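Please read it with the sequence and the model side by side.

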Amino acid sequence: MKTVTIVAKADETTADSPMTDDRSPMADGQLPIAANEAPKTDDRANQFWRSMSELEGTAEFDAALAREFGTDVGDKSSGVNRRHFVQIMGASLALAGASGCRWDKDNIHSFTRSPQSHTPGKPKYFASAYETDGVAQPVMVTSYDYRPIKVDGNPKHPMSLGASDITTQGTILELYDPDRSKRVLADGKESSWDAFKAFAKQAFKGNGAGIAFLTGSTSSPSFLAAAAELKQKLPQATWVTFDGISRDNVRQGALAAFGKPVRTMLELANARVILSLDDDFLGAHPAHVKYSRDWAAARRPEQGHDMSRMYVVESRLSNTGGCADHRLPLRSRDVKGFALAVEQALRQSGVSLEGTSPQAAGLDADVTKFAQTVARDLAAHKGACVVTAGAGQPAEVHAIAHRMNVALGNAGKTVSYLDHSDVSQEPNQMMSLARLIDSMGKGQVETLVILGGNPVYNAPGALQFAQAYAKVKNRVHLSDAIDETSKTATWHLNAAHWLETWGDSRAYDGTVIVQQPMIRPLYDGKSAIEVMSMISAATEENGVAENGYTLVRRAFGKLTGLAADDKTLTTALSDDYDSQGAIPEGSSAAADAKLPVLFGSFDRAWRQSLFDGVVNGTSFSKISPSIQQFSISAVDAPAARTQAANGELELTFYVDSRMGDGRHSNNAWLQETPDFMTKLTWDNALLVGPATAKALSLEDEGMVKLSVNGRELTVPVLVQPGQAMGSLALAMGYGRTAAGRVGGWMERELDHTVAGFDANVLRGTETVAFVAGVKVAATGETFKLATTVDHFLIDQGGIAERERRGGEIIRMGTVEEYTHEPDFAKHMVHHPPLESLFNEWEYGQRRWGMAIDLTSCTGCSACVVACTAENNVPVVGKEQVLRNREMHWIRIDRYFRGDPENPQLGAQPMLCQQCENAPCEQVCPVGATIHSSEGLNDMVYNRCIGTRYCSNNCPYKVRRFNYFNFHEDLKDGRNEVKKMMNNPEVTVRFRGVMEKCTYCVQRIQNTKIVAKNEKRPIKDGEIVPACAQACATDAIVFGDLSDPSSRVSKLKKLPRNYDVLAELNIKPRTSYLAKITNPNGGLVS
Amino acid sequence: MTWGFSPKTTDVGFQPVQPIAYSHALHVGKLGLDCRYCHTTVERAAFAAVPPPETCMNCHGMVKTKSAKLAALRESWATDKPIDWVKVHDLPDYVYFNHSAHVTRGVGCVECHGRIDKMEVVAQDQPLSMGWCLDCHRAPESHLRPPELVTKMDYVPAKPQAELGAELRKAHNINPPTDCSTCHR
């Protein structure tokens, strides 16, 4: 038990504090935090910790450390008991006896007519895209015998370059979700598309008065064309766009600053100094994949130029904040005051800013100092710095950021402005939604068509969408699941998944990407453009609805100016397209220079665009807008953070990178992926900073009732280091009541409880991102949260030992230290010469290895989901996560250092280290884990008998045991569709076997075979494991260590390269490059 | 007892009845079709693809168009429903075998499948057990032939196999791995 802990110290301090008398802290909604309470952390500056319980040394933490496998092996609560198991076994043994010793006969089914260039069992790769809130994510889909099994970033598209994010990786699961809607419903009863068409004939006539369309933001040329056509046919109809994750502030800020709609694109590769004003641009921005890559490119300490330096001012510790060199925890509402203070300091240092700005007075001394230091650094890097504001910040803050960037000469260098007038959205969506709801409530809307989106769930609670919705006579909702909005719709139309249908949309840079269907709609779903075409056809006497293929090709023609005559559009093209525009056989043919001459210029361009995943020449043009005069309202009583007198609780609603606006709620992969910062799975929780929690007497897992503006919500608390004092945070996208068996399905099956708590209830139209004046009252109840923070701890002779050696597993240094002593990371551990008791291995041709750069890792967790998708990693559910039984082969350890109110942070992806003297291999009694000639620790599932000795003996705690047959739900008829999702190149594991990272050995083997068939050596970088492929910052590099010129060999030669637990002489093949930060001397005390 | 459950006893000779009485003896043995006329992907993919009825109809659109034995083929062709061929050489699901890796290195079809050209109905010729695989992976010399002759059913080595095998192994840099992950993953 440690005695010198921060909390103990804080106790001493508060004992003398006048603010902590018996008065109920929340009685007056004020937060009693004494200024002198901020803990002193000098002696702990080098101590790393993962959770508050570790820091405090609680009994729970010690228990977690002592017991690797958590609680005793018990049955799943709904699992099979022993007697039942024996009965089942008896039955299956009898069956086995009857059928002889050979397994069941297998059939081989070939195509009757084989598609051109199709090789059974060889995956093909198709470029495509999917759109979220108006921005396309460029993707490459792996299709296995015309069955999509994995989605990655498109390596050819500049917004991805092959990298992807967590939701892109998870989307494949949503295609095969058994809870998807399978049919059209009219008043909740089974209906058909024809019935809907008949209804449309009646409902959509006249001039469109009383008709309203509610859609999400979109940049799709075919969608915009279809909407334009409908607007022409139904001129009186109302059109409203609404996104669950509002970017109104971004649009309005640009409008205020430049007088016209402008899209901002950061060019972070050119930025030496970055100031983020509450902007999680590495985690929750439509372009965060590109931003992450560019940001990391400017943060490689070896590149010969100065590393970039990043300042982040934010309320909740975000992924971006975790990567900052200097982070200032500040309530979201105080960020504007901070921005003004920076402006003020810039003016003082001679930067000429347009217009005037109100004084930012009353800031705490440390905030002012921070602002002045940042301003000095910005002024010293004119044209090479950038200021960016988060979508949650008010429009004014965006305008200020724009003004600073222009004044600092950053425009065109570290930030570009794009003319997106083609697709720019209504700047204030929230206002137009409120107007629509108002007229719905007054009974002025007879027919409401909602194309995608789920406003009953995610419209701000203050708007009371559901009540107004009930007053609309015809409620038409296109959706891929029977969600909250569908449940009360009169017409539920089942939508096609984006992998099933033709479409198009624009990436963040404006480039149009055509979305290719990978598979025919599994349940005859339709896309939004097809539904619009149906409605459009219904308005005419003999109108005929068109399919997505025709609509998208027409829009493509308009875009490229190639569709000269309609004949080109409607004629069947060649044998490999059918007239329905079904799946093209391998677009690879399109790239072939020897394209058959039967393709005209249109089809040549079309096929090339499909192949590349980008329509050339469609990116938004760069413009240089000038700053307009704009006024900024006075800063309202800039409350000092640490003074109770002005302290008032603020609640921020943040975007969870997994759930988004709630649309991914039924995705079990995403639900089970631990959030990087909180390590929370399956739920959201109210994040409270340690000091705030102490002042309010809140504890982990205690339920509290939040009330603001007459709205209430009861949520559990999670004490989160780094959360700004006086600010609380709650993730959006949880608390779905009609998502499905995973995310929550209140009415259908009571045993499937709702995951998390619905933050939308508390949101208002003016307070979509944060709201002040929140009251918190503990209810006295508790709620179990499944956090993985203390799971799979690396025990290094006890936690005390680790503290003593401090920062050994994760090693960090400043760029100064690195320059002064390049191999500082290696010298953090000293050990005698290492001699092995075992005979060391000799290796032949190849030695696989991996290097992970901790400087670049942002903790985005795309690698975790990529690994899950690639390796058929099972989902275990919340109850099993609580028992340490999550199965992820790669986890991202998150370490804090120093002051819990504003800790430094390190992210360390931890996966099988493929040791040369592997401890696991030595203890396996059945040879189920065996060393390969190339240095992999092979795992042979069919030999494993589940002793778990290997896991006991693994110092990195990266082995996972199948306590149950986690894939047994596949036997359930309704889950049949999920079988299509598995990667056929990887064994689906059974109950009772160990499993772990294999470096994606299936990719290694398949590449080796192809290279050898072609009689050539394997190229460096040809084999990319799933985690490295997904990584946006290129932090994970894999390759052959026996080739000194390979990238991984070169990285491992860097002086900051180190092995974790090298002193055990187990010779891990995975090594880490120490995290290097670039702090500003002016702020380092 | 152990021997009783060995694949040598349980699997060798497995000869299921196929939906069409296709005779390899006739097509390969008498007519001299090359294996790759039908099993087209064998040199570039893990699977040696079973031919689509389209391939059969190349000839049987003109030859034996009325034969009762081919009724199932014509039906498949007309209805677009695949034929239920029964898999003869069926490895466990945790084994990942790759045809191309073997065929392009000069392991003849006969080595694993036997004299297909003499089989009226295809039967499993070899045990296809792990030990049997490893016999060859540990000493490939006795099973190698010039890669261009892999499909030759009645192949006879031009010189003593031991000598030829060693030469071929060297020439083609053949080092069959015996790591677990070569086949299990």
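## Pairing across the two chains

Strand 2 of chain A pairs in the antiparallel sense with strand 1 (residues 85-86) of chain B, over two bridges. Two strands count as paired if DSSP finds at least two bridges between them. Helices (H or I, at least four residues) and strands (E, at least two) are DSSP runs, numbered from the N terminus. Within this pair, Ile108(A) stands opposite Trp85(B) of strand 1 of chain B.

## Basis of the description

The model is predicted: local features need pLDDT of at least 70 and side-chain atom pairs count only at pLDDT 80 or more, while totals for chains, interfaces and linings use all residues. Residues are numbered from 1 along each chain as its sequence is written, and chains are lettered from A and ligands numbered from 1 in the order in which they are written.

## The contact between chains A and B

Chain A contributes 33 residues to the contact and chain B contributes 38 residues; two residues are in contact if their C-beta atoms, placed from the backbone, lie within 7 Å. On the side of chain A that touches chain B, strand 2 (107-108) and helix 31 (1001-1013) of chain A each supply at least two residues. Helix 31 of chain A gives the most to this side, with six residues.

By type, the residues on this side of chain A are eleven nonpolar, 15 polar and seven charged. Here Ala, Val, Leu, Ile, Met, Phe, Trp, Tyr, Cys and Pro count as nonpolar, Asp, Glu, Lys and Arg as charged, and the others, Gly among them, as polar.

Strand 17 (residues 474-479) of chain A is mostly covered, with five of its six residues buried. A residue is buried if 20 or more other C-beta atoms, placed from the backbone, lie within 10 Å of its own.

Strand 16 (residues 447-451) of chain A runs parallel to strand 17 of chain A and is joined to it by five bridges. Four bridges join strand 17 to strand 18 (residues 491-494) of chain A, also in parallel. Leu478(A) of strand 17 stands opposite Leu451(A), and Leu478(A) also stands opposite Leu493(A) in strand 18 of chain A.

## An antiparallel sheet in chain A

In chain A, three strands form an open sheet in the order 10-15-21, with antiparallel pairing. Strand 10 (263-266) and strand 21 (621-623) of chain A are the edge strands, each pairing on one side only. Strand 10 is joined to strand 15 (residues 415-419) of chain A by four bridges, and Arg263(A) stands opposite Leu418(A) in strand 15.

Terms used: A residue is buried if 20 or more other C-beta atoms lie within 10 Å of its own, exposed if 12 or fewer, and partly exposed in between; C-beta atoms are placed from the backbone.
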